[in-house]
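Colleague: Please take me through this model, beginning with the backbone.

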Amino acid sequence: MSKTALVTGITGQDGCYLAKSLLEKGYKVYGGQRRSTSSKHWRLDEMGITGDIEYVELDVVDQANIRRAIEKTKPDEVYNLAAQSFVALSFEQPELATLVDGFGTLKVLESIRQVNPRIKFYQASSSELYGKTQEAPQSEQTSFHPCSPYAVAKLYAHWITINYREAYDMFACCGILFNHESPMRGENFVTRKISKGIALWLREGQPIVLGNLEAKRDWGHAEDFVEGMQLMLNADQPQEYVLATGKVHTVRQFIDKTLAYLSIPGYWKNDECFDKRNDKLIVTTDKSNLRPAEVGLLAGDSTKAKTELGWNHKYDVDSLMADMVEADLRRYPRP
Ligand code: NAP
Ligand code: GDD
């Protein structure tokens, strides 16, 4: 008999890739989405799977509503992807990040415990938990030092998931995922600002405005990472696993790769990048894009996921960047 999954955060980047993958494996997929005055299905539409998912009203700040959604959908597996996931915004709205990303997870767990504690639960933990840690690369053994309201809320969610597993013997696990991007990435995140920004620069000439160009990230592709989520929920035992590529690049290097891919000869003057052919500005910075506390380096060691789950990634940073740039060139073609 086919399995049933309830995915919170179905309208987000990971939600659409996970739903596509689960549907391909024969799952019945319920998508939890919060009420909105307009449709937020652009990702699912682009993937052509909007009609294959059954939707339930689900806001993770309202427990009665989560409980009803679980009673109605009777899932075998719950993937809790719902979050206010933009780190920078969590400094502006710290309470909201705490309610959604922290307490929201508790409410989903508690609803599962009340309705059917045999439902398997996946929590979207984050490499942001490592924050200011001095250790690199970071593995399941590395200690956490979160440094944003987002990361602190995710730390609570991480430990409450483990607590429910230990206290109630639930199959609850956390994937500690490093940055993963895709053509479906939200437009505020730096890789998408670059891929969309360069398409608009080619079309209309306005420069891309960024913040800290020296931040180092371990960027993978969401398509690879949602496979790891499913492997975790289908492992013999619920455990925590790091998913990462192990390769690190700065924001500046991601820009250089993008320009090279498009054969745009760029040169840097401090934090501004220009077109060698005509000195036209391509990238500049503005302090509004800096954060009160910054995570300088995230580099993941996913040896455990590779050896125990057989997980691996198909994309590297170059094929990820190409996928994103090509998608935005299609969306924003030159006239
Ligand atoms: P995303 O694109 O920002 O999607 C977040 C989803 O959560 C959206 O569907 C959003 O719905 C939903 N949501 C927000 N507030 C909600 C609420 N109160 N109730 C129910 N749903 C709510 O994020 P993502 O990149 O797919 O990431 C998925 C999860 O993985 C998040 O928990 C994120 O923190 C975590 N994570 C992501 C990465 C990464 O690099 N992408 C790495 C580690 C962990 P709306 O469309 O209504 O806003
Ligand atoms: N967003 C953004 N915009 N980031 C910029 C910019 C800019 O203009 N300029 C430089 N950056 C730097 C940020 O300061 C950060 O160091 C890095 O680029 C990556 O920023 P984001 O793409 O916003 O992602 P993130 O690393 O903060 O968070 C993402 O990854 C986490 C996992 O490590 C999100 O997906 C989180 O939800 C996720 O948990």
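**Backbone, domains and ligands**

Colleague: Where does Lys74 lie?

Modeller: Lys74 is in the loop that runs between helix H3 (63-73) and strand S4 (77-80). Helices (H or I, at least four residues) and strands (E, at least two) are DSSP runs, numbered from the N terminus. The model is predicted, so local features need pLDDT of at least 70 and side-chain atom pairs count only at pLDDT 80 or more, while totals for chains, interfaces and linings use all residues. Residues are numbered from 1 along each chain as its sequence is written, chains are lettered from A and ligands numbered from 1 in the order in which they are written, and side-chain values use heavy atoms, with hydrogens and water left out.

Colleague: What is the phi of Lys74?

Modeller: Although Lys74 is not a glycine, its phi is positive, at about 45 degrees. Most residues other than glycine have a negative phi, and most peptide bonds are trans.

Colleague: Which residues does a cis peptide bond join?

Modeller: Ala136 and Pro137 are joined by a cis peptide bond, with omega about 0 degrees. Pro137 belongs to the loop between strand S5 (120-126) and helix H6 (149-168).

Colleague: Turning to the domains, how is the protein divided?

Modeller: Domain 1 comprises 4-182 + 221-246 + 299-309, and domain 2 comprises 190-215 + 250-295 + 317-331; these bounds come from an automatic or database domain assignment. Taken over C-alpha atoms, the centres of domain 1 and domain 2 are 29 Å apart.

Colleague: How many residues of domain 1 are in contact with domain 2, and what area is buried between them?

Modeller: 13 residues of domain 1 contact 11 residues of domain 2, where contact means heavy atoms within 4.5 Å. The area buried between domain 1 and domain 2 is about 1000 Å², with carbon and sulfur atoms giving 59%. Phe91, Glu181 and His221 supply 39% of the area that domain 1 buries against domain 2, more than any other three residues. Buried area is the accessible area (1.4 Å probe) that two parts lose on being put together, summed over both.

Colleague: How many salt bridges are there between domain 1 and domain 2?

Modeller: The count between domain 1 and domain 2 is one salt bridge, defined as a side-chain nitrogen of Lys or Arg within 4 Å of a carboxyl oxygen of Asp or Glu. Helix H2 (42-47) and helix H4 (87-92) each supply at least two residues of the side of domain 1 that touches domain 2. H4 gives the most to that side, with three residues.

Colleague: How many salt bridges does the whole structure have?

Modeller: A search of the whole structure finds 20. Glu71 forms a salt bridge with Arg67, the closest N and O atoms being 3.1 Å apart. Glu71 and Arg67 are four residues apart in helix H3, so about one helical turn separates them.

Colleague: Now the ligands: which residues are closest to ligand 1?

Modeller: Of the 25 residues that surround ligand 1, the closest are Thr11, Asp14, Lys40, Ser85 and Tyr150; a residue counts if one of its heavy atoms lies within 4 Å. An N or O atom in the side chain of Thr11 is 2.6 Å from an oxygen atom of ligand 1. A polar side-chain atom of Asp59 lies 2.9 Å from a nitrogen atom of ligand 1.

Colleague: Which residues come nearest to ligand 2?

Modeller: Ser85, Ser126, Ser127, Tyr150 and Arg291 come nearest, out of 26 residues around ligand 2. A polar side-chain atom of Ser126 is 2.5 Å from an oxygen atom of ligand 2, and for Ser127 the distance from a polar side-chain atom to a ligand 2 oxygen atom is 2.6 Å.

Definitions and conventions. A polar contact is a pair of N or O atoms within 3.5 Å; within protein, one must be able to donate a hydrogen and the other to accept it, and residues adjacent in sequence count only if both atoms are side-chain atoms.
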